[in-house]
Amino acid sequence: MEILLYGLVNSFKLILIAFGFTLVYGISRLPNFAHGAIFVFTGFVAWIMMHKLNLPYYPAALLSLASAALVGVLIYQFILKRIRGMNMNEIIATYAIGVALIETFRWLGFRGTTFTLPVFFEGVAFIGDVPIDYQRLMVIGVGVVMLAAVWIFTKFTRTGLALRGIAQDERAAMMLGIDSDLTATLAMALGSAMSGLAALVIFPLGSIVVEAGYNTLIFALAVCMVGGIGSWGGTVLAAFVLGFLQVITVTYLATHFQMVVTLAAIIATLILRPSGLFGKHKELEERV
Amino acid sequence: MKSGLRKERIDRGIKVRSDGIYALSSWREISFLMAPRMLLVCGLLLAPLILHFFPYWQKVLLIVCIYALLSMAFDFLANYVGLVCLGGSFFVGVGGYGAALLSKSLHCSPFISIPLAAVGGACFCTLALLPCLPLRGVYFAIVTLMYPLFMTRIIEAFELFGGTNGMMDVAGFANPWLEQYFLIIATLVFLFALRRLAVEDVGLVIKGIKDNDQSVKASGINITFIKAQAIFYASLLGCFAGAYLAHIYMWAGLSMFALDFSIIPIAATVVGGGGSLLGAVLGAILLVPLSEALRAFGPLRIVSYSLILTAVIVVKGEGLLNYLSRKYNQFERWKEI
Amino acid sequence: MAMLEVKNLSKKFGGVTALNDINFSLTEGEILGVIGPNGSGKTTLINCITGFIKATSGKVVFNGRNLCGLKPHKIVNLGVCRTFQIMRPYSSLPAYKNLIIPLYGPRARKTGGWRGGGRHGDRNIIALDLLEEVGFERESKVPYKLAGTLPTGYLKRLELARCLALNPELLICDEVFSGLSMSEIASMVPLIEKLNKSGVTIIMIEHRLKELFKVAKRVMAISYGDKIIEGTPAEVMANEKVKEAYLGA
């Protein structure tokens with residue numbers, strides 16, 4: 001029961017972390033390696049707003065989300081736009097800018113475990129006889145809401161449909177008058193905001209540390225690799241697989257093994273199904 | 001940009017005749033070709049003598065060579081084979097731990113443990129990366145990014161090789177002159193050997209894989225095998241650098257898998273100009289002393305690297321070496337349209 | 001004794017059937033033409049035979065060996081070489097250096113390279129010989145130009161030369177005539193005939209029927225993944241289903 005519950009929480013954590021990345025890649029074929037940096041960035045911005053500018057929680061949270069989206073847009077406008085299509089440069093540039101962002105926080109003195117964000121609701125619930133705090137339940141709730149929102153957005157709104165169009169065939173979509181630059185900007189903003197949202201929900205469970213930036217990136221990438229990059233269904237499924245795998249590892253082995261198991265899962269996926277659990281044939285061509 | 005004019009570039013006569021053909025007629029032409037190479041070789045060989053009076057900078061010179069090796073490995077993989085490897089520190093760590101283990105268990109001199117660790121480490125890295133070889137582009141980059149982390153966690157989790165403390169008391173070099181010249185000469189040998197390899201037939205096949213792997217397959221060549229070979233060469237360089245580092249610091253530890261060893265070589269390659277290996281070396285010669293100067297600022301070092309790297313990529317910089325060699329090999333003049 | 005035998009070969013992409021139960025065989029030394037409208041599965045057929053795509057079911061037997069499940073490079077090394085419909089040169093290498101790569105491969109080394117000497121001879125010279133053979137002017141600059149800058153006609157020849165470098169027993173040409181001018185085709189036809197005379201078995205996939213019928217004595221037509229008919233060019237062209245497939249009537 002405990003494993004089930006905590007596995008569920010962990011899986012939704014991974015979904016929150018990875019979905020932004022997979023969204024951006026799925027729509028615009030942009031690997032946003034600054035994803036983890038934006039995650040940490042949002043956490044620190046929220047902290048700064050609350051503790052230095054003395055803003056109340058909700059405005060601070062909203063502003064930090066907006067700033068995350070803004071960072072995504074800026075990264076696209078000033079960096080990715082100019083090097084689009086050059087795969088290697090996209091990776092290196094976004095990775096470098098992410099590293100720069102994370103290390104800037106380290107340089108500014110945000111070290112150690114003194115930085116925390118408040119939880120939405122205090123308190124602990126009991127499900128069966130397993131104690132679980134409300135914040136962890138929040139993770140699941142926010143995850144479900146986000147997935148539902150994305151689903152509704154891409155199925156039923158004009159912009160959402162345009163995004164899906166671009167995702168399927170960029171050139172055809174461009175011929176139909178969908179602006180590829182605009183959608184990519186939008187995708188980056190959305191993806192970054194999702195990363196920010198993940199930060200706001202997940203950071204209260206622990207404290208904000210710079211290393212989380214790298215770990216988040218790694219976990220997001222891991223989920224995407226296992227699920228097949230850009231495949232949304234695959235991402236969700238992979239998040240569940242990895243989420244439960246991690247919790248089981250922590251329960252029966254040790255925390256250290258979390259990353260080991262994750263990586264082993266990736267390598268196993270690569271050998272068994274190179275296109276990921278849900279990768280399509282097209283992606284296989286691209287990958288292999 | 002002047003209106004009505006365009007810039008015309010013309011190869012210097014000697015360049016036109018000498019590309020790939022080594023029959024030259026006069027000392028002037030030979031020196032034109034050899035001067036840049038000699039500048040690098042002599043410069044590196046003389047550097048320890050000049051820096052003799054600045055012991056601190058002698059250490060920096062060693063680090064420059066280490067990073068030059070790593071940059072070459074990255075450049076070779078990225079621009080010759082088409083595999084972007086974000087985990088250069090994997091090679092360093094494997095080489096470093098390998099050398100430390102060898103030197104502590106066999107009690108042999110660094111001159112035996114380093115080559116052994118380099119070759120053994122390269123075999124290990126190649127085997128470890130074997131499952132990822134069919135991958136391309138983003139996918140390969142992602143997986144390689146994870147390898148060093150993987151190693152760190154494994155060492156932590158199993159408390160291998162001294163766990164988080166690392167392995168102390170690795171034998172150092174007895175003679176500082178030997179320490180420097182061995183590394184410098186090795187760097188030069190690796191540089192020219194790898195450049196030579198690139199124009200040999202194997203090198204052509206490797207380039208062919210980057211251009212068009214389907215066609216290489218249709219030529220009856222096992223591309224996984226060729227890629228594995230390329231990874232072996234690159235990791236040989238990386239592991240050599242790591243092994244050397246272990247003996248310089250007389251220590252091998254988890255920080256050998258750290259980010260610095262992955263990102264600085266990338267920055268050096270991009271700044272120096274990729275695709276020629278020389279550019280990577282040049283980049284390392286420029287960036288490493290800069291980083292030493294910034295050492296006092298801690299994390300700002302990495303920040304500045306990353307920013308320089310991004311800036312160069314975004315303005316589509318061709319890299320320093322490509323710019324210089326263009327100026328060296330070609331005339332430029334304005335021509336009316 | 002058939003050199004190549006394709007038995008019940010099928011390929012499905014998800015729900016789409018690209019090849020449905022294809023059967024044919026090939027005796028040594030003949031030229032087989034394969035025709036069919038766009039999207040009828042011709043290139044998929046080649047890809048299945050040469051191992052670039054795994055067939056869903058069926059068998060491909062070449063000289064008594066089943067090719068299904070082998071990696072592409074293994075199949076090449078048994079002597080089955082193919083050209084690509086969309087040419088795949090190494091754009092950043094000069095044309096003659098393009099041939100160094102197949103010459104470096106195990107097939108060329110084992111069979112002694114083109115006309116012997118592959119092991120010891122200078123590969124550059126062999127490459128230039130090969131290019132001359134397929135119609136590159138040896139004394140001109142063309143063989144030394146970057147492959148990326150060559151026009152279609154030369155690229156098609158380069159594809160052919162790449163296969164020749166491998167000393168094929170069975171050569172599969174995927175639309176070598178398409179995109180070429182009449183005079184270019186006229187110079188390609190004797191080349192293919194010459195190859196065939198020297199003992200190479202050839203499968204030609206082609207849209208240019210008139211030129212194809214000059215060289216191929218036997219033709220197979222496929223449409224929507226089904227084999228319609230096999231026979232002499234005259235028989236095939238007289239067939240109602242072929243007319244239907246081509247004219248859509």
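# Exercises on a predicted model

With 27 C-beta neighbours inside 10 Å, Leu277(B) counts as buried. The model is a predicted one, and the exercises below start from this residue.

**Exercise 1.** Decide whether Asn167(C) is buried or exposed, and describe its place and its phi.

Solution. 
- Step 1: locate the residue. Asn167(C) belongs to the loop between helix H7 (152–164) and strand E7 (170–174) of chain C.
- Step 2: apply the cut-off. A residue is buried if 20 or more other C-beta atoms lie within 10 Å of its own.
- Step 3: compare. Asn167(C) has 20 other C-beta atoms within 10 Å, so Asn167(C) is buried.

**Exercise 2.** Describe the contact between chains A and B, with attention to the side that chain B contributes.

Solution. 
- Step 1: count the residues. Chain A supplies 36 residues and chain B supplies 34 residues.
- Step 2: list the elements. On chain B, two or more residues each come from helix H6 (137–158), helix H11 (260–272) and helix H13 (300–314).
- Step 3: pick out the main contributor. H6(B) has the largest share of this side, 13 residues.
- Step 4: sort by class. The side of chain B that touches chain A holds 27 nonpolar, four polar and three charged residues.

**Exercise 3.** Work out how chain C is divided and what its domain 1 brings to the contact with domain 2.

Solution. 
- Step 1: Domain 1 of chain C covers 1–79 + 168–249, and domain 2 covers 90–166.
- Step 2: The C-alpha centres of the two domains of chain C are 25 Å apart.
- Step 3: count the contact. Domain 1 of chain C gives 10 residues and domain 2 of chain C gives 10 residues.
- Step 4: name the elements of domain 1. Helix H2 (72–78) and helix H8 (182–197) of chain C each give two or more residues to the side that touches domain 2. H8(C) gives the most, with three residues.
- Step 5: sort by class. The side of domain 1 of chain C that touches domain 2 has six nonpolar residues, three polar and one charged.

Key. Residues numbered from 1 in each chain as written. Chains lettered and ligands numbered in written order. Predicted model: local features only at pLDDT ≥ 70, side-chain atom pairs only at ≥ 80, totals over all residues. Contact = placed C-beta atoms within 7 Å. Helix = DSSP H or I, 4+ residues; strand = E, 2+ residues; numbered from the N terminus. Nonpolar A, V, L, I, M, F, W, Y, C, P; charged D, E, K, R; others polar. Domains from an automatic or database assignment. Buried ≥ 20, exposed ≤ 12 C-beta atoms within 10 Å, placed from the backbone.
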